[in-house]
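Please follow the strands and helices of this chain in order, with attention to how they pair and connect.

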Amino acid sequence: MIIGPLGKEHAIGIFPIRNIQDELHAEQPEKYTRDAKTAYYMDPTEQKIVEAEAKDKDFEVKVIYHSHPDHDVYFSDEDRYLAAPWGEPNHPNLSWIVISVKQGKAAALSEFAWDAEKKDYVERKLEI
Ligand SMILES: [Zn+2]
């Protein structure tokens, strides 16, 4: 998660959140059919701690980023569901960065931001 001051356009830090997808997949493979190679699930406890600490200091989560190992950059149906589970975003000002990682190296990335008119996430190209 990338954190920055409330209402400002810049960020002040990156707070990695552990991916617990492999643990969920091991515990409940019928519910969590994919492992961490193709899916992620942010540790909700760590996520809540970072969000609470940010809020205490008048910061907010600006961006959530994740990688697509050995896949291209796109905003998947799963990404959409996490960002806007009921068709509306939980946090409309929060954007999502997806990084394509090929053979262990960042190959491309894009930012996806909520477009209230289109009622969907739209891609904004970023340069590495
Ligand atoms: Zn994704």
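The paragraphs below treat the conventions, the strand pairing, and then a helix and a hairpin.

The model is predicted: local features require pLDDT of at least 70, side-chain atom pairs count only at pLDDT 80 or more, and totals for chains, interfaces and linings use all residues. Residues are numbered from 1 along each chain as its sequence is written. Helices (H or I, at least four residues) and strands (E, at least two) are DSSP runs, numbered from the N terminus. Two strands are said to pair if DSSP finds at least two bridges between them.

Strand 3 (residues 59-69) has bridges to two strands discussed here. With strand 1 (residues 2-5), strand 3 pairs in the antiparallel sense over four bridges, and Pro 5 has Phe 59 of strand 3 as its bridge partner. Strand 3 runs parallel to strand 4 (residues 95-102), and seven bridges join them; here Pro 69 is partnered by Val 101 of strand 4. Between strand 3 and strand 4 the chain passes through helix 3 (residues 77-83) in a right-handed β-α-β crossover, a term meaning that, with the strands pointing away from the viewer, the path from the first strand over the helix to the second runs clockwise.

Helix 2 (residues 44-56) has 13 residues and spans 18 Å from its first C-alpha to its last, close to the 18 Å expected, where the expected span is 1.5 Å times one less than the number of residues. Asp 58, which follows helix 2, has a positive phi near 60 degrees.

Strand 5 (residues 105-115) and strand 6 (residues 120-125) pair in the antiparallel sense over six bridges, with Ser 110 opposite Lys 125 of strand 6. Four residues lie between strand 5 and strand 6 in this hairpin, and Lys 119 in the turn has a positive phi of about 55 degrees.
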